[in-house]
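Trainee: Please take a close look at one part of this structure, namely the contacts that its side chains make with one another.

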Amino acid sequence: MDLPTRYDPAEHEQEVYRRWLEAGAFTPPKDGDRPTFTIMIPPPNVTGVLHMGHALNGTVQDIVIRHRRMCGFDALWLPGTDHAGIATQAVVEKRLFADKGQTREDLGREEFLKLIWDWRKEHGDKILEQFRRLGASCDWSRTAFTLDDDMSTGVREAFVRLFEKGLVYRGARLVNWDCVLQTAVSDDEIEYVSRKTKLYYLRYPFAAQSGEGEWVVVATTRPETMLADTGVAVHPEDARYSQLVGKTVRLPLVDRDIPVVADDTVDAEYGTGAVKVTPGHDPADYERGARHKLPIINLLEKDGSLNAEAGPFAGLSREAGRKAIVEAMDELGLLEKVEELTHNVSISDRSKSVIEPMVSEQWFVKMEPLAKPAIAAVKDGKLKFRPERWSKVYLDWLENVRDWCISRQLWWGHRIPVWYDEDDAPFASREDMEIGSQHPITKKPIVRQDDDVLDTWASSWLWPFATLGWPEQTADLKRFYPTQFLATAREIIYLWVARMIMAGYEFLDHLPEEERLAFSTCYINATVLDAKGKRMSKSAGNGIDPLDMVEKYGADAVRYSLIMLTREGQDVKLAENRFEEGRRFSNKVWNASRFVLMNLEGSRTDGSLKSAVRLEDRWILSRLAETTRGVSEALESYHFNDAATRLYRFVWNDFCDWYLELAKPRLSEGESESAQAVRGTLARVLRDTLKLLHPFTPFQTEVLWNALHEALGEEPRGQLVVASWPDGEGIDVDPVAESEMDVVQGLVRAVRSIRALTTIGERKPLRALVSAPGAAERKVMLAHAESACALGFLEEFVVQEKVERPPSSAVGIAAGCEVFVPLGEEVDLQKLAATLSGRAEKLRKGIGALGGKLSNKNFVERADPEVVEVERARHSEMTQELELLERNLAGFSA
C-alpha cells in the first residue's frame, strides 16, 4: 500500500468511474427479489450545459441513489434529455441562417428536421457527459430522450386517450405568443425583465347618450392596443367612478362605443383608477372580458405587426404603431400626459422579444378533471414535499388550474397526431393516417395532418413511466414504477411536477390507484445564487462553471461543499472560495486515512474489532454508532446538510482531533493488547466511515476502500459503490463512555482556552490545578489523567475537591470545575490585563448590539427561524466568553 501524501482527484476520478461502469455497478437487474428504488432525472435540455443548479440537483440525487443502493435496494437512477422544442429549433435555425443565409422554410420541414437530428447527435449528450464528471451513478444503459421511438409511442397514446375522453380539444384562447419565433410558449419560457417605459394617460370621450362630462382618463403602458379595447373598468367601490358604471365611452381613432364596467380586480391606486380592457391582448383583461361578456378583438398578425383591425395603422410594427397612435391621440387633444415608469416586462427566454398575449387557435387539455387526484395525493399525505411549504405552491396552482395549451407552432417535437378531412373535422390516431384515406367518423377523405407539435411538457409529463416502456407492460415498468424520489427546481412545480402526478393517475389505469402515484417525495432544491445573493445567469456574467470547480478542487470537494452550504429551505449564496471547505475536508479524510493505513499495514490486525480496553476506544465506537444512526436517519428523511454536517464533525472533531491523538502513543506499543485494540478500532472506524461518506464523496472513498483492504491483506469484497450500508453491528451508543470522555474533553478545552487567552504556546508544558467539587468528575479525571495530560500538554495535573486560585494564574471552566494554570514570569500580567480588557469591551458592545437585535419583535418574527437561532447562539457564546474574561481580569487585579 503506497498512498501519496496528497490526494490528487485528477489521478483517480476517471479511472474509478471507468471501473464502476465496467462492473455494471449502476445497472440494477431487470428482475429479482430485492426491493427497488427509482429516481428519474429531470431531463435537461439537449441545448443545455451544466450549471451550478444542475450540479446541486445532481449531487442530491446521487447521494440518495448511492445510499439506497448500499441499503440493499435495486436502485435505478434513469438519465436522459429533453428535446427542448423551442430552444433547439432556435439554435439550429440561427446556425442555418448564419452558415447559409437560409430559413427553415427554405429547406422544408423534412430536411430541416434532418438537420436538427444531426445537431442533436453531435451535441445532445454533452450535459450528460458533464454529469458523469460529478460522479453521477445513473444507469446509462437506460438513457432516454423525449423524442425516442418509445417515448413517441407513449406521447401519441396519451394524446389519443385524452382526445377519446373529450379531455383534449381545439379552440381559440389567450396564449403567450412569441412574435419572433411565431409560436405559443409556456409560462416557464418567459422571463420578467425590469425596463424603463412610459405610462400614457389617454382620454376616452363619453358617448353622446351617456350624459356625462367630457371624458374618462385611462392609464396604460401599451397605447397601441387601445384599438382592440372593448371596455373600460373601474373598481366597484371607487366613489370617483360609481356613477359612470353602465355608461359608454367612444373609443378614439376607431369610433367604437364601449361600456364602463365595475370589476373588483381593478387597482384603484394605479394611474387614474380607470383601466382600458383589451381582452384579446392582456391576461387580466381576458378574464375581465369573460366576466362582463365583452367581445374579443385580435389586433395583431403572428409577427406582431398591426392587422386590418388597426385601420390606417395596419402593417405597422408594435413599436411604430405605438408612436403613431400616441401622436394621433395628441393631435386630437386626447393625450393628457405621459409619465416615466419602470416595470416588469415579459420576454421570451429564447428570442428575447416581448411576449404578446394573443388569442390563437390552439390545442388545449382540460385540466380540472386531471387535477382532482393530484390534489388528493398531497392532502391525503401520499405525496410529500421537502420543504413542506412547497406543497402550497402545488395546491394553489392545481386548485385554480386553467386548461393547458399544448400546441406549438414549431417543427421540432412530437407532431400532433391529428388528421383532418376536407371539412376540417379532426381525428386523433395512434397510427399515421395516409392522405386520401377515409376519416373513421365522417367517412370523408383525409386531406392533411395538423402542422403543429406538442408542447415539450406534453412529453416530459410522461417521463416517470414512458421511459420504462409504457404503454407496453414491460418488465421495467412493472419493477421500477412507481418511483420514490424526485429532486427538482421550484420553478417547475406546476409546469412539470404537478403534471407528472396527474399523468400517473390518468394513464396508469391498469394499476390500483395507490400504485399510480408517480413519486412519493418531491424534494425542491435550493436556488444557487452568487455571493451577493443574485441569481446566477449567463447574461449577468456571475455564474460559476461547476466543471471548472471540478478541475480545480475535484468532484468530491465540489459535491461536499454544495451540500454543506445547502440548508433546507434556504437558498445558497456561492462564491468560488466556498469550495475550499470541501477540499480541506477531503484532505483531512485523506491524511487521517493514510495515517491509519500506515499503522495497519504489516501488523497482525485482521481488521476485526477487538475488545475496547481504553475509554477512548469505547468512546469513539459510541460516537461512530451515534453518527451512523444520525446520518442514516438524515438520509432517510432527505436532510442532506444534517447528514453531511454530522459526518464532518465526526471525522474532523471526534476522530481526528481526539481519537487519533490518543491513539498515536499506543500504536508504538508493538503487538500489545492495547496496540491490537487500537488498530482493530481504527480499522472498524475507517471502514464504516468510508461507507458513510461514500454517497457524498464517492471517488476518494472508493480509492481508500481499496487501500484499506490492501493494508489488511484482504481481497476487496467488491467495490465500495455496491458495499452494504453500515448497520452498527457490534457497536452501540455507550452513555458511560460518552459522559467520562466529556469530562476529559472539558478539562482539555479549559486548558486550551487558557492558552488562547494568554497566548502561551499550544505545546508548552503547563501545570494545571483543578477544583472539582463532584466526586464523580474527580474520579474520571484521575482515572484518565494520562490522556488529559497528553492532549493538554500538561507536565503536572492536580485534582482536588477545592483549590484556591493561585496568584498570577489564569482560569478556565470545565463542566462545573475550575482549572487554574499558574502563569510564569514570561507573561506580562499588566500587558495581558490590558489586552483582555480591550477584548471584554468589544464583547460588551457586540452583546449589546445582538441583544437589541434579538429584542426587536420584528426581527424575531420576520427573520428565518434558523437565522434567529444562530444569532441567539452567538449571543450565548459571547456572553460566556465575556464571563471568562471578567473572571480572569478579576484574578489579575486581586
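Mentor: A residue is called buried if its relative accessible area is under 20%, exposed if over 50%, and partly exposed in between (1.4 Å probe, protein chains only). The model is predicted, so that local features need pLDDT of at least 70 and side-chain atom pairs pLDDT 80 or more, whereas totals for chains, interfaces and linings use all residues. Residues are numbered from 1 along each chain as its sequence is written, and side-chain values rest on heavy atoms, without hydrogens or water.

Let us begin with the aromatic rings. There are 30 aromatic pairs (rings of Phe, Tyr and Trp, its six-membered ring, with centres within 6.5 Å; planes under 30 degrees apart are stacked, over 60 edge-to-face, the rest tilted). One of them joins phenylalanine 112 and tryptophan 411, whose ring centres are 5.9 Å apart and whose planes stand at 70 degrees, so this pair is edge-to-face. Phenylalanine 112 belongs to helix 5, while tryptophan 411 lies in the loop between strand 17 (407-408) and strand 18, so the pair ties together parts 299 residues apart in sequence. Helices (H or I, at least four residues) and strands (E, at least two) are DSSP runs numbered from the N terminus. Both phenylalanine 112 and tryptophan 411 are buried.

Tyrosine 648 and tryptophan 652 are arranged as a stacked pair, because their planes are at 15 degrees, with the ring centres 5.4 Å apart. Both residues lie in helix 20, four residues apart, which is about one turn of the helix. Tyrosine 648 counts as buried because its relative accessibility is 19%, whereas tryptophan 652, at 21%, counts as partly exposed. Ring pairs also link Trp404, Trp461, Phe465, Trp470, Tyr481 and Phe507 into a cluster.

We now turn to charged side chains. The whole structure holds 72 salt bridges (a side-chain nitrogen of Lys or Arg within 4 Å of a carboxyl oxygen of Asp or Glu). Within helix 5 (residues 109-123), lysine 114 and glutamate 111 are three residues apart, about one turn of the helix, and their side chains meet in a salt bridge of 3.5 Å, N to O. Lysine 114 is partly exposed because its relative accessibility is 43%; glutamate 111, with 41%, is likewise partly exposed.

Another salt bridge, of 2.9 Å from N to O, is formed by lysine 276 and aspartate 229. Lysine 276 is in strand 12 (residues 274-277) and aspartate 229 in the loop between strand 8 (215-220) and strand 9 (231-234), so this pair ties together parts 47 residues apart in sequence. Lysine 276 and aspartate 229 are both buried.

Aspartate 654 lies in helix 20 (residues 640-667) and arginine 623 in helix 19 (residues 615-636), so parts 31 residues apart in sequence are tied together. Aspartate 654 counts as buried because its relative accessibility is 12%.

Salt bridges with shared partners join Glu157, Arg161, Glu164, Arg430 and Asp509 into one network. Glutamate 157 is located in helix 7 and is buried, as its relative accessible area is 13%. Apart from neighbours within four places in sequence, glutamate 157 is in contact with Arg430, Trp470 and Pro471 (contact: heavy atoms within 4.5 Å).
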